[in-house]
Structure formats: structure tokens, C-alpha cells
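Thanks for coming, everyone. Please bring the structure up on the screen, and then we can walk through it together.

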Amino acid sequence: MSGHTDDAGDERLAAEGEVAVARLAIDSGDLAHAAEHLCDAILADPQLPELHEALAELCAAAGGPAAARELFPLDGQVYLGTAVCRAHVEAAAGGWDAAVGLLASAIQYEPARPWAHTAWLAREDLPGLVDPDAVAQAVARATGALPDPLPAEPADAVRPFHDFVQAVLARHEDHVPLLAMASGLTRRLGDTDRAVRLAERAHRLAPGYLPAVMLGNALRSAGRPERALAVWEAELARAAPGRDDSSSYLAVDVAELYGALGRPAEGLPWLDRVLAADPDHPKAGPARYGLRHALDGDPVHLLGLADHHRAHPEHEHAQELLERLSHRQPWLGLVSGATEATVNVLHRVLAAADTGRDTEIDCTASTVEPPSSILAVRLALPRATVGYQAVGEPDPRLPLTEPTTRIWAWDGTDPRPAVAPPEPRSAELVRATAEIFWPTVPAAYDHAVRLAGLPLDDLLGVLVHPPMPREDELGRALLAHQPELWVRAVQVFACLGIAHHRTDQPWEGSERRRVLRDLLLGPEDWVVEAAGFALVAIGWTQPQTRADVAALLRQRLRHGARARRTRVVTILRSLSALVLAAPWMSAEDRTLARHLTEREDAADAGAEAESEAEPEAGREAAQQPEAEGAAEEQPRPGRLRRFFGRG
């Protein structure tokens with residue numbers, strides 16, 4: 001709150017400085033120079049009284065508001081400050097329609113600024129001085145880019161404009177375009193019942209495309225989607241959608257509304273008709289991927305969206321859908337959680353009220369787990385010790401093939417980093433780049449391009465020497481509650497950095513492929529998953545690599561499946577999710593991944609049921625993480641998934 005106040009104070013000081021310079025320029029007769037400074041001032045503080053006084057002085061010096069128009073030209077590329085100053089000059093000159101239109105353009109460009117908080121817009125006689133056609137056009141311009149519904153801050157900024165529009169409507173209550181557009185503005189400000197009434201009146205007075213669209217939108221926002229469908233389908237029945245026909249966009253809305261209602265199969269025929277008339281329709285193709293994903297949940301449709309957007313970057317709907325459907329999905333939109341018993345013990349310790357950075361625990365697990373889990377423990381509890389009693393078979397410490405890249409070494413059952421820590425500047429760049437969430441797989445790949453210039457040794461070093469989380473709200477929460485997610489995020493983005501290493505080299509035979517392959521097929525560890533995700537991201541963004549990536553992932557998955565017959569493989573669920581996030585994998589591999597996931601889910605359910613059946617005293621004993629052997633329980637990843645669900 002104080003930061004916001006400081007920003008406002010800084011903006012006012014900046015505006016006052018610009019006004020002072022403008023007044024000096026007016027006194028010297030340099031009116032064009034004065035206008036430039038007033039344009040800068042109005043961006044900093046649109047409501048500064050001295051600014052509006054100086055603007056009136058400038059108009060007087062120019063020979064009146066009409067003459068001052070030329071000081072704020074609207075030809076060519078128009079600067080935002082110029083448009084807003086020109087709006088005030090137009091109002092002073094009585095050019096009300098132009099003034100309202102320019103104010104609407106400013107709202108469209110930056111809706112959270114208080115452009116509409118101006119005295120002339122609140123004049124009681126203004127609604128009778130404007131052309132309702134011009135006002136309808138202004139409302140369309142202002143609302144075109146506004147989110148629905150508006151967040152609180154822009155809603156407060158836009159409300160005076162809304163009130164003015166309602167006053168104009170009171171004088172022109174049968175003006176159909178104004179009724180329709182005002183419905184959209186009212187809807188965004190949260191009054192959905194009035195939005196419905198306005199659109200219903202417009203539709204009753206002149207049934208047609210615009211009133212039908214606005215009425216359907218209002219009904220949908222008001223929680224009446226079936227009625228919205230009826231209105232839209234009736235409008236579409238008048239004329240089948242065709243090429244360059246705006247009704248084709250309404251057909252897409254109908255299809256997607258069926259999807260939102262849980263009836264995607266009923267929406268697909270609408271899209272098929274649009275695509276039959278216009279195969280390159282910017283929304284119908286992406287929408288079809290979205291509905292097919294709603295039918296079966298197969299990530300192959302998400303990959304289709306990514307491929308579509310790469311081929312048609314101007315089709316923004318593909319990107320919007322991909323982000324929406326990837327949101328908070330393991331590997332598609334966030335780092336997959338960890339399931340090790342060591343991590344479960346860590347969570348219990350961190351949940352205790354008396355736990356601090358100096359808390360000491362001695363945790364002994366029955367069998368060797370991924371060594372990166374120790375990194376998570378020591379990140380939060382530097383004085384903790386972790387030990388393992390035995391090694392399962394097949395030995396998880398051994399790589400699947402003889403690697404040229406090694407990041408872990410073992411002294412019996414004790415792991416230690418086999419590479420040096422990264423240079424501080426490299427570690428800091430990884431720290432600034434790593435995220436536990438990302439919008440889409442291609443977005444994560446693109447975000448990591450900033451790591452392309454780091455030395456390969458530093459990217460390998462950060463895998464086993466992770467930096468502390470960032471000192472922000474999320475970083476503090478991760479350190480206090482789930483430090484393993486930060487470690488995994490660092491490893492993911494370090495591997496994505498490796499994916500960008502020496503991209504001038506052809507993929508086959510490249511250094512980046514060799515290193516990522518070594519990490520994927522290396523000792524069983526979280527780094528295996530991170531390297532797997534980097535390979536999946538390469539496959540998403542570079543289709544020519546998909547066959548090779550599939551072969552590498554298949555090798556790792558099948559090894560995990562075989563190992564699971566004789567011991568716990570804590571990374572197996574995550575590996576299966578990676579395979580399913582690579583829809584170009586063979587049907588056989590994807591079936592195996594789904595089967596393995598179902599087996600892990602069943603095992604978790606059994607462990608959960610067994611835990612629920614424990615006597616109360618047994619549960620109390622299990623809650624003492626300091627006890628040696630506490631990490632010997634089977635991992636229960638369901639607990640972590642519930643945490644994400646609450647988020």
C-alpha cells in the first residue's frame with residue numbers, strides 16, 4: 001500500500017515539473033514546446049489541477065481552444081498524451097463528439113488510468129449535446145479491449161464514462177447500437193441484470209447480429225447460458241456462416257459455449273461448418289482442438305494448438321486456449337511434484353510450529369532415493385542429515401548407459417556432487433529465471449533462452465548446487481513449505497538452458513543433445529525428469545526432433561517400468577506424465593505410461609486407506625519426524641496433489 005502511495009507521489013512530482021516547464025514555454029511564446037510538456041504531464045497525473053489550468057492558458061495563448069487543436073495533431077502515429085490533451089481541447093472548443101471519442105481511445109489503451117474523471121464529462125447538459133451514434137462508436141472503442149469482468153481498479157477508472165453513457169441512453173432509449181454497446185460496458189462493470197435488459201431491448205427493437213451477440217454475452221455472464229445458446233442459434237439460423245462472414249465468429253462462440261456446458265460433441269458440428277467454408281478461420285481451428293481436448297483430455301490436441309500457433313502466429317486464440325488448458329497441469333503448466341519419503345518427512349518437520357533454519361533432524365530412509373531430495377532438505381534445514389540403509393535393485397545409482405556427463409558421485413549410499421558450483425553470476429541468472437509455473441511448454445522453452453549464453457559447466461553445476469529461492473512472497477513460501485519445488489524448478493530451467501546451448505549445431509550430434517541424453521539416462525534422480533522435460537519442450541517447438549526424443553523417453557520409461565517390479569521408483573509417475581505430455585510418442589508407450597500412472601494411483605489409494613485405518617496412537621507416533629526411520633514409509637504423492645488443488 002505504501003509503495004502505491006509513493007508511486008502516486010512520484011507521478012505528481014513529475015507532472016508538476018512538466019507543467020512548470022510548459023508554463024515557461026508559454027511565457028516565451030514556444031507553444032509547441034509547451035504542448036509537448038503538457039502531454040507528458042497528463043500521462044503522469046491526469047487529474048492534476050495545475051495541469052488543466054496550464055492547458056487553459058495554452059489555449060488562450062493560441063487564440064482559443066479551436067486554434068489550439070493544431071498543437072495536438074492526430075495525423076500519423078498519435079501519442080497517448082497528445083490524444084488526451086486533444087480531448088480536453090476539443091471539449092473546451094465544444095467538439096463534444098470528438099472529445100468523447102478521444103477519451104474512449106485513451107480508456108481502450110490504458111483503462112486503469114482515471115481519464116474519465118474529468119469535470120466536462122460529468123456536465124449535466126452533455127448528454128443532450130452529443131450524437132448517440134458517435135457515443136455508441138466511442139463505447140465500442142473503449143470496451144473492445146476491456147476484460148470481462150473488469151477488475152476493481154480499472155472499473156473505478158471507467159465508471160464515470162459508464163455513467164455518462166447511461167445518461168445519454170436516458171435521452172435516446174430506443175437507439176439500438178447504443179443500447180447494444182452499453183450492454184457490453186455495463187456487463188463488464190458487473191451489473192449483468194441491467195446488461196441483459198439493455199440488450200433485450202435492443203434485440204426486441206431490431207433483431208439482428210449485433211443485438212443478438214450482445215444479448216447472448218449478457219445472458220451468459222448472468223448465468224443463463226442455455227438462453228444465450230437459443231438466442232445465438234436463432235441468429236445463426238438466419239444465415240449460415242461463410243467466408244469473411246462475421247456470423248462465423250458467432251458460430252465459434254456457440255461451439256465453445258457447448259464446451260463450457262460440458263457438451264463439446266454438440267459444439268463440433270458448428271466448427272466443422274465454419275471450417276468447411278473457411279479452412280483458415282482464425283478461431284474455428286483452435287476451438288476445434290479445444291473441444292476435442294474436452295472430449296478425451298488427450299494432450300495431442302494441445303500439441304495441435306501449439307503447432308497451429310507456430311504456423312499461424314496471428315491466430316491468437318490458439319495461444320489463449322493452449323494457456324488455459326495447460327494451466328496448473330503437471331509438466332504442461334507447472335513443475336511436477338516430488339513423492340520421496342524424505343520429502344514427506346521434510347514437509348512434516350516444516351509444518352511444526354517450532355521449526356527454524358537451525359532445526360536439526362537425522363533422517364534415515366530404508367533404501368536409496370534420488371539424491372536431489374537431499375538438496376531440498378538441506379535448502380530448508382542446512383543442519384539436517386539424511387542417510388540410506390540399503391540399495392534397491394536394479395541399482396538406482398547407476399546410469400542406463402555409459403555417460404560422458406556425470407553430476408553425482410556416490411560414497412557407498414551417500415551421494416555428493418560430482419561437479420563444481422556455478423559462478424555466482426550464472427547462479428543468480430538461473431535464480432532469476434527459474435519458475436514453478438509457466439503458461440505453456442513452448443513458453444517455458446522460450447523463457448529459458450536468457451540462459452543460452454551461460455557456460456555449460458555452470459548449467460550443470462547449478463543442477464546439484466541450486467541457489468536459494470528468490471526473496472519474494474513465492475520464494476519465501478517455497479522455502480518455508482515446499483523447498484523441493486524450487487530445487488526442481490531450478491533443475492528444469494537449467495536443463496532448458498542446456499536445450500538452448502549451441503543451437504547453431506544440428507540436433508543430431510549436438511552437444512546439447514549429448515548432455516540432455518546423458519542426464520535423462522543417468523542415475524535415478526530429479527535431474528532425469530528435468531532433462532526429460534527439456535527434451536519434451538524441444539519436441540514441442542522443433543517437430544523434426546520428435547522421433548529422437550520419443551526414442552530417448554521410451555528407453556527411460558521402460559527401464560523405470562522394469563525397476564518398479566522389484567522396488568519403488570519415485571520418479572515413475574512424473575516420467576509417465578512426461579511421456580503423456582509428448583503426444584508424438586507411440587500408442588504403445590503412451591498406453592504403458594497411463595497403466596503405470598494407474599498403478600501408482602492404486603498404490604497411493606491403498607497407502608491412504610491404510611493410513612486412515614491406523615490407531616490414533618500410531619498416527620501420533622508417525623508425526624514425529626525426528627525419529628530415525630521415519631522416512632521409511634511409502635511415498636504418498638496424493639497429499640501434494642491436494643495442495644495444488646487448493647491453489
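Helices (H or I, at least four residues) and strands (E, at least two) are DSSP runs, numbered from the N terminus.

Now the ground rules. This is a predicted model, where local features need pLDDT of at least 70 and side-chain atom pairs count only at pLDDT 80 or more, while totals for chains, interfaces and linings use all residues. Residues are numbered from 1 along each chain as its sequence is written, and side-chain values use heavy atoms, with hydrogens and water left out.

Let's start with helix α24. Find helix α23, residues 473–481. α23 packs on α24 at an angle of about 120°, and their axes are 6 Å apart. Contact here means heavy atoms within 4.5 Å. On the α23 side, the contact uses Leu478, Leu479 and His481. α24 brings Pro483, Leu485 and Trp486. By class, that contact has five nonpolar residues, one polar and no charged. For the classes, Ala, Val, Leu, Ile, Met, Phe, Trp, Tyr, Cys and Pro count as nonpolar, Asp, Glu, Lys and Arg as charged, and the others, Gly among them, as polar.

Next partner: helix α22, residues 456–464. The axes of α22 and α24 come within 9 Å and cross at roughly 160°. That makes α22 roughly antiparallel to α24. The cut-offs are these: under 35 degrees is roughly parallel, over 145 roughly antiparallel, 65 to 115 roughly perpendicular, and the rest oblique. The α22–α24 crossing is left-handed. A crossing is left-handed if the near helix is turned anticlockwise from the far one by less than a right angle, and right-handed if clockwise. From α22, the contact residues are Leu456, Leu459, Leu460, Val462 and Leu463. They meet Val490, Gln491, Ala494, Cys495, Gly497 and Ile498 in α24.

On a 1 Å grid over the protein atoms alone, a cavity is a set of points where a 1.4 Å probe fits but cannot get out, and a pocket is an open set with protein on both sides within 12 Å along at least five of seven lines; lining residues have an atom within 4 Å of a point. Grid points are joined across faces, edges and corners, and a volume is the space filled by probe spheres set on the points.

The largest pocket has a volume of about 1,100 Å³. It is lined by 34 residues. Asn217, Arg220, Asp253, Glu256 and Lys283 lie nearest its centre. Which helix gives the most to that lining? It is α13, with seven residues. The pocket lining divides into 15 nonpolar, nine polar and 10 charged.

The whole structure has one cavity of 30 Å³ or more. Its lining residues are Pro46, His52, His88, Pro114, Trp115, His117 and Thr118. Three are nonpolar, four polar and none charged.

Last, some backbone details. Aspartate 148 to proline 149 is a cis peptide bond, with omega near 0°. Glutamate 393 and proline 394 are also joined by a cis bond. Proline 394 sits in the loop between β2 and β3. Tryptophan 331 is not a glycine, yet has a positive phi of about 70°. Look for tryptophan 331 in the loop between α17 and α18.

Note on methods
Axes are lines fitted to C-alpha atoms, for helices over the stretch in contact, and angles run from 0 to 180 degrees between N-to-C directions.
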